[in-house]
Amino acid sequence: MAKKQTKKAPEVEYELLEKPEEIAGRLERGEAFVKKNSKIFGGILIAGILIIAGVLYFQIDRQNKNKKAQAEMFQAVYYFEQDSIDFALNGDGSNPGFLRIVDQYKGTEAANLAHFYLGSIYLSEGQFQRAVDHLKKFSAKDYFVQARAFALLGDAYMELGNTKDAIAAYKRAIDHKENKHFAPRYLNKLAIAYEESGDIANAIKTYQTIEDKYFESFEFTNARKHRARLEGLASK
């Protein structure tokens, strides 16, 4: 029979216990190492504390700025809803407009939302490049609002004659958590963009998608009419 190997680790532990001078020597060497490198350890500790403090300060400061910005933006939103565009953009002398919000409170949720409002305003005012600039800076967790922003971006690109980017924006609007209420509307815009770019085949396919998947939508009848028209053009 093969002999079982005996474990040596316990014997080493017992030897250390029986030799307190050995333990003391190791402790002294450890203390000497710490003393020798105390400045390094101290620097690392201070740096860590400063980093943590900086992160906490940044988060708290941003939260406070966001609360203040949201409170100040309330009046601008009211003016936007009342179609008082100049006051919504530039403020009324007492309350700031969206332009000041995005400039003064960069990085906050309020400034992010202000970009959406600015994009919408500039699109309605015919300032399409400005609309693009602001809508590209906007992002939202609410998928209805984000999809709407993509669609508005597509509209701005279409007005600029940039059908390539318009098509890409409309696709993002459609694919962003697709829903039966808004997808047909965005698909209709996409079909128009395809036709404008000369891509009749994809325009037909897009209208067909509305017919196949959203036959209860308002856009259904329009899609069927335009699909038939484009198929007639394609057959000539």
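**Exercise 1. Determine how helix H8 and helix H9 pack, and which residues make the contact.**

Solution. Begin with the geometry: in this predicted model, H8 (residues 143-159) and H9 (residues 163-175) pack at an angle of about 165 degrees, with their axes 8 Å apart. Helices here are DSSP runs of H or I with at least four residues, numbered from the N terminus, while axes are lines fitted to C-alpha atoms over the stretch in contact, and angles run from 0 to 180 degrees between N-to-C directions. H8 is therefore roughly antiparallel to H9, a term that applies to angles over 145 degrees.

Next, take the handedness: H8 passes H9 in a left-handed crossing, meaning that the near helix is turned anticlockwise from the far one by less than a right angle.

Finally, list the contact (heavy atoms within 4.5 Å): H8 contributes Ala147, Phe150, Ala151, Leu153, Gly154, Asp155, Tyr157 and Met158, and H9 contributes Thr163, Asp165, Ala166, Ala169, Tyr170, Arg172 and Ala173. By class, this contact has 10 nonpolar, 2 polar and 3 charged residues, where Ala, Val, Leu, Ile, Met, Phe, Trp, Tyr, Cys and Pro count as nonpolar, Asp, Glu, Lys and Arg as charged, and the others, Gly among them, as polar.

A note on the basis: residues are numbered from 1 along each chain as its sequence is written. Local features need pLDDT of at least 70 and side-chain atom pairs count only at pLDDT 80 or more, whereas totals for chains, interfaces and linings use all residues, and side-chain values use heavy atoms, with hydrogens and water left out.

**Exercise 2. Describe the packing of helix H10 against H11.**

Solution. H10 (residues 183-197) and H11 pack at an angle of about 165 degrees, their axes being 8 Å apart, which means that H10 is roughly antiparallel to H11. The crossing of these two helices, H10 and H11, is left-handed. On the H10 side the contact includes Pro184, Leu187 and Tyr194, and on the H11 side Ile200, Ala203 and Tyr207 are among the residues involved. By class, the contact of H10 with H11 has 10 nonpolar, 4 polar and 1 charged residues.

**Exercise 3. Describe the packing of helix H11 against helix H12.**

Solution. H11 (residues 200-213) and H12 (residues 219-235) pack at an angle of about 150 degrees, with their axes 8 Å apart, and H11 is therefore roughly antiparallel to H12. H11 passes H12 in a left-handed crossing. Ile200, Ala203 and Tyr207 of H11 are among the contact residues, as are Phe220, Arg224 and Leu230 of H12. By class, the contact of H11 with H12 has 9 nonpolar, 2 polar and 5 charged residues.

Key:
Angles under 35 degrees count as roughly parallel, over 145 as roughly antiparallel, 65 to 115 as roughly perpendicular and the rest as oblique.
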